[in-house]
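Below are some notes for a first reading of this structure. Please keep the sequence and the 3D view open while going through the points.

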Amino acid sequence: MSMQDAVARHVRDGDVVVIEGFTHLISFAAGHEIIRQRRRDLTLCRLTPDLIYDQMIAAGCAKKLVFSWAGNPGVGSLHAFRRAVEGQTLEIEEYSHFGMVARFSAGAARLPFWTLRDYAGTDLPRANPRIKSVTCPYTGEALATVPALNPAVTIVHAQRADAQGNTQIWGLLGVQKEAAFASQRVIVVVEELVEERVIRSDPNRTLLPATIVSAVVVEPWGAHPSYAQGYYDRDNAFYVAWEEISRDATKLERYLDDFVYGVADRQAYLAGQPGLAARLRAQAHYSDGVKYGF
C-alpha cells in the first residue's frame, strides 16, 4: 500500500511507535508521513533516536521518548529534543543500549522481563524506576531486569521485500528483527519490491517473515539522509547541516514547512532538494541495475 495509507491504517494517536535502524536503513519517509498526518501523544522508542525523532518531537508528535542514546551522530546534539526536555514538554525513559535490546528481546519472546548485568556501578536504576532486580534462583546473584517492550507498531526500512511481506535486509543491523517480532503491527518500507522467487533464491537475507508484516510500502530513497547498503550512501552533509537548522526553532519549523508539510510524498521531497539525486547517485552502488528515475 502507499505510505499514506499504511500510516493512516496502522499508526494511531497515543501509540507506542518504533522506527528502528542503526545509522543504516532509518525510515525518514515514514516519520515524515506521521508528521504530515499530525499524529499526537506518541511514545517514540528507539536505541539511538537521531534526526527523524528530532523532527517528530519538533512537530509535536511525541509525548514520551524511550531510548538509550540520543544525538546527531558524529555532529552533536538533537536540539529540538533538548528544548523539549528542558522545557518539560517531553517525558524521557532512559536505558543502556543493551537494556533496550533486552526490552525488545523480551517483547519478541513474549516474556515479562529480561535479565542483564550492565547496570552494576551506574546510577541508571536510580534515574529509571522501571529498572529493577531479581535474585537468580541458580546462583543467588542479583541481576538487573528491564520490562518487555511490545510496541503498537514498528516501522522497518529494508532493501527489498515481496508482496507478501517477506523482507530482506543486509549490511549493518540494529534490532529491527526483535522490534518487529515484539510489535502488534509492522510496516515494512522497501527500496524495491521483488518477486517471491528472488526472496526464496537467497533465504539467508530474509530477516522478517510475511506472517508478522502488516503492510509493505515501496519507497525508493525512503531512508535518506541515512543510507541503504547497495542502493545509496549516507548523506553526511545533511547531518552536518541539521546542527544549524535544529539549533534555531524558527529554522526547524521552516524546514518542516518546506520538506514535510509542504510536499505530498517522498518523490516531492527528493525533487525539492537541489542536487541531491545527482550527488547520491554518484555515490550509489545499485543492485542489479536498479533505476529510480533520477
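1. Start with helix α9, whose buried residues are Phe-238, Tyr-239, Trp-242, Glu-243 and Ser-246. They cover an arc of only 160° around the axis, so they lie on the same side of α9. Keep in mind that this is a predicted model.

2. What does the other face of α9 carry? The face turned away from the buried side of α9 holds the exposed residues Val-240 and Glu-244.

3. The buried residues of α9 have several packing partners. These are α2 (28-36), α3 (51-58), α4 (79-86), α10 (249-261) and α11 (266-271).

4. The length of α9 can be checked. The helix runs over residues 236-247, which is 12 residues, and at 1.5 Å a residue it should span 16 Å. The end C-alpha atoms of α9 are 18 Å apart, which agrees.

5. In soluble globular proteins, nonpolar side chains tend to be buried together. Here the largest nonpolar core has 65 residues, and the members that touch the most others are Val-17, Ile-34, Leu-44, Met-56, Ile-155, Ile-187 and Tyr-255. Another core, of 18 residues, lies apart from it; among its members are Val-66, Phe-104, Ile-131 and Val-146.

6. Leaving aside residues up to four places away in sequence, Ile-187 touches Ala-6, His-10, Val-11, Val-153, Thr-154, Ile-155, Val-156, Ala-215 and Val-217.

7. One of those contacts, His-10, sits in helix α1 (residues 3-10). Is His-10 buried or exposed? Its relative accessible area is 9%, under the 20% cut-off, so His-10 is buried. Residues up to four places away in sequence again left out, His-10 touches Met-1, Asp-15, Val-153, Arg-185, Ile-187, Ser-214 and Ala-215.

8. Ser-96 lies in a loop, the one between β4 (91-94) and α5 (97-109). With 15% relative accessibility, Ser-96 counts as buried. Beyond residues up to four places away in sequence, Ser-96 touches Ser-68, Asp-118, Tyr-119 and Leu-124. Ser-96 and Leu-124 are 28 residues apart along the chain, and their C-alpha atoms are separated by 8.2 Å.

9. How many disulfides are there? A search of the whole structure finds zero. Cys-61 is in no disulfide, and the nearest cysteine sulfur, that of Cys-45, is 14 Å away.

10. Two cysteines are worth a look for burial. Cys-61 is buried, at 0% relative accessibility. Cys-136 is buried too, with a relative accessible area of 14%.

Methods. Residues numbered from 1 in each chain as written. Predicted model: local features only at pLDDT ≥ 70, side-chain atom pairs only at ≥ 80, totals over all residues. Heavy atoms only, no water. Disulfide = S-S within 2.5 Å. Buried < 20%, exposed > 50% of the residue type's maximum accessible area, 1.4 Å probe, protein only. Core = buried A, V, L, I, M, F, W, Y, C linked by side-chain atoms within 4.5 Å. Contact = heavy atoms within 4.5 Å. Helix = DSSP H or I, 4+ residues; strand = E, 2+ residues; numbered from the N terminus. Expected span 1.5 Å × (residues − 1). Arc of directions from axis to C-beta.
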